[in-house]
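Take a walk through this protein model. We will follow its charged pairs, then turn to its nonpolar residues.

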Amino acid sequence: KAKLKQGLYTPGSSIPILSPEEGMKKNPDCILLLAWNFKEEIIEEFRQTYNWSGKVILPLPNYPETIDI
């Protein structure tokens, strides 16, 4: 929910940074989550607020992992 980053792109790529509302409108199969230190809160928001299920890709902090929701 870092509003200052929304509408920008991840460094060195063309991956857009979307608001949660904008991202969920696209009905994604998977989500790249770089804010690994807030993963519990963000995943809970995906479940509760958006009733979303899919894969969350966490490339950080150590080894990449995928979480099925």
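Start with Asp 68 and Lys 55, which form a salt bridge whose closest N and O atoms are 2.7 Å apart. Asp 68 belongs to strand S3 and Lys 55 to strand S2 (residues 55-58), so this pair ties together parts that are 13 residues apart in sequence. Keep in mind that the model is predicted.

How open are these two residues? Asp 68 has a relative accessible area of 54%. The cut-off for exposed is over 50%, so Asp 68 counts as exposed. Lys 55 has 39% relative accessibility and counts as partly exposed.

How many salt bridges does a search of the whole structure find? The search finds three. Another of them joins the side chains of Lys 39 and Glu 65, at 3.7 Å from N to O. Lys 39 sits in helix H2 (residues 39-48), while Glu 65 sits in strand S3 (residues 65-68), so the pair ties together parts that are 26 residues apart in sequence. Lys 39 is partly exposed, at 22% relative accessibility. Buried would require a value under 20%. Glu 65 is also partly exposed, at 35%.

Now stay with helix H2. Here the side chains of Arg 47 and Glu 44 meet in a salt bridge, at 3.9 Å from N to O. Both residues lie in H2, three residues apart, which is about one turn of the helix. Arg 47 is partly exposed, with 40% relative accessibility. Glu 44 is partly exposed too, with 34%.

Next, leave the charges and look at the nonpolar residues. Which residues make up the largest nonpolar core? This core has 10 residues: Met 24, Ile 31, Leu 33, Ile 42, Ile 43, Phe 46, Trp 52, Val 56, Leu 58 and Ile 67. The elements that give two or more residues to it are H2 and S2. H2 gives the most, with three residues.

Pick out one core member, Leu 33. What does Leu 33 touch, leaving aside its neighbours within four places in sequence? Leu 33 is in contact with Lys 39, Ile 42, Val 56, Ile 57, Leu 58 and Pro 59. Among these contacts, Ile 42, Val 56 and Leu 58 are listed in the core as well. Lys 39 takes us back to a salt bridge, where its partner is Glu 65.

Notes:
Residues numbered from 1 in each chain as written. Predicted model: local features only at pLDDT ≥ 70, side-chain atom pairs only at ≥ 80, totals over all residues. Heavy atoms only, no water. Salt bridge = Lys/Arg side-chain N within 4 Å of Asp/Glu carboxyl O. Helix = DSSP H or I, 4+ residues; strand = E, 2+ residues; numbered from the N terminus. Buried < 20%, exposed > 50% of the residue type's maximum accessible area, 1.4 Å probe, protein only. Core = buried A, V, L, I, M, F, W, Y, C linked by side-chain atoms within 4.5 Å. Contact = heavy atoms within 4.5 Å.
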